[in-house]
Amino acid sequence: MTVADASPTASRDKRAARLDAVIDEAIRNEVIVGAVVLVAEEGETVYRRAAGYADREAGRRIAENTIFRLASVTKPLVAVAALSLAEAGVISLDDPVTRFLPEFRPKLADGSEPVITLRHLLTHTSGLIYGYDKSAGISEGLDQPGRGMAENLAKIAAQPLAFAPGTSWAYSVGIDVLGAVLEKATGLSLPEIVARRVTVPLGLADTAFLPTDRDRLATAYADGDPRPTPMAAHQPVQGKAGLLTFAPDRNFDPGSFPSGGAGMFGTAGDILAFLEAMRRGGAPVLSAASLELLARNAIGNFDTTVPGRGFSLGWSITYDPGAGASPFSPGTWQWGGVYGHSWFVDPVRKLSVVSFSNTAVAGVNGPYPDAIRAAVYG
């Protein structure tokens, strides 16, 4: 290897070529319809690519400022808002949910009523789940336009908990419940809370519970054969753990509750700016002490379905990369959104990567996001 080959510029050029090849192949083969991929290293955006279509049928190309439905990319923003309110003394992470929602009292299968804390909600150790039986009528934040918060909370509370809080891990509707808690604690709507505590201080101009410019909103696509299809008003899609139901226009119905788990819109650039602010220590929205709660595994060795991966108060934490055959450094943060997004932050390498698409679920689970990750690390 020559000195030139070993330079940071040469290394980044090779990474860019690998990423271009992955994106080009996925679009050419119609695995995904459109993509925005951004890479920041040591605080500098070193790769940016917008490719494919925001609306294939209309011939509208995707752009770096295209707005996407964020799905679970919403959760970290709401988690940071909650930690900000905890710093301000408005809530405590160890408060019981019933302090704010006295009627929210789900029980265990034996009929006993355990205490669920805000910390349980944030770490997905509450005993709540995703994937309730359809007969329960629970909205998971992606579906059922017009469903209000009070009705949804009552339906969640009517279902038995999957386990005693604090004894296991299950990805869940807990952040939707947390959103209701934050509204009661502050007297503000969840969109107002997230704006005041997170998006406005960080200058995230295009991240909100409604798109700031509907003309820039990407059409949502569902995996299909031979190619993805535009989502219908009520669109079933086979997910990793079962059938998902999308209602891509739910937020435009004013009766829909603001989903803390899945309800926001935003751009890849805004989310990269958010992640970089967190990687640098959380200012101006969080203290270093609160950021530490996001940066370390908070659930011990509970099974998250991925070996070597735990969960903090906002996203997954890879504590043993070797166990999951991952290229990540120990301590890497990661999550995504089921409308077609993935992201990770490798604090050791000072690396933040945002991969957005408008294709569910190929953009978040499967060969495409795996190939993006592999291309970044080489």
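In helix α3 (residues 118–123), where Thr 123 has its place, a polar atom of the Thr 123 side chain lies 3.4 Å from the backbone oxygen of His 120. This is a predicted model, in which local features need pLDDT of at least 70 and side-chain atom pairs count only at pLDDT 80 or more, while totals for chains, interfaces and linings use all residues. Residues are numbered from 1 along each chain as its sequence is written, and side-chain values use heavy atoms, with hydrogens and water left out.

The side chain of Thr 123 also makes a polar contact with the side chain of Thr 125, at 2.8 Å. A polar contact is a pair of N or O atoms within 3.5 Å; within protein, one must be able to donate a hydrogen and the other to accept it, and residues adjacent in sequence count only if both atoms are side-chain atoms. With a relative accessible area of 4%, Thr 123 is buried (under 20% relative accessible area is buried, over 50% exposed and in between partly exposed, with a 1.4 Å probe and protein chains only). Neighbours within four places in sequence aside, Thr 123 is in contact with Trp 169, Ala 298, Ile 299, Phe 311, Ser 312 and Leu 313, contact meaning heavy atoms within 4.5 Å.

Most residues other than glycine have a negative phi, and most peptide bonds are trans. His 124, in the loop between α3 and α4 (149–157), has a positive phi near 60° and is buried at 1% relative accessibility. Thr 305, in the loop between α8 and β10, likewise has a positive phi, of about 80°, but is exposed at 65% relative accessibility. A cis peptide bond with omega of about 5° joins Ala 283 and Pro 284, and Pro 284 sits in the loop between α7 and α8 (288–295). The bond from Ala 360 to Val 361 is cis too, with omega near 5°.

Turning to the sheets, 8 strands form an open sheet with antiparallel pairing, in the order β3-β2-β1-β14-β13-β12-β11-β10. Its edge strands, β3 (60–61) and β10 (309–311), each pair on one side only. Helices and strands are DSSP runs numbered from the N terminus (helices H or I, at least four residues; strands E, at least two), and two strands pair if DSSP finds at least two bridges between them. Within this sheet, β12 (residues 332–337) and β13 (residues 341–346) pair over 5 bridges, and Trp 333 has Val 345 in β13 as its bridge partner. Helix α7 (residues 268–279) packs on the sheet, touching β1, β2, β12, β13 and β14, and its direction makes about 155° with that of β14. Helix α1 (residues 8–28) lies across β1, β2 and β14, running at about 10° to β2.

Axes are lines fitted to C-alpha atoms, for helices over the stretch in contact, and angles run from 0 to 180 degrees between N-to-C directions. Helices α2 (residues 74–87) and α6 (residues 190–202) pack at about 75°, with their axes 9 Å apart. The two are therefore roughly perpendicular (65 to 115 degrees; under 35 is roughly parallel, over 145 roughly antiparallel and the rest oblique). Their contact brings together residues including Leu 77 and Val 78 in α2 and Ile 193 and Arg 197 in α6.
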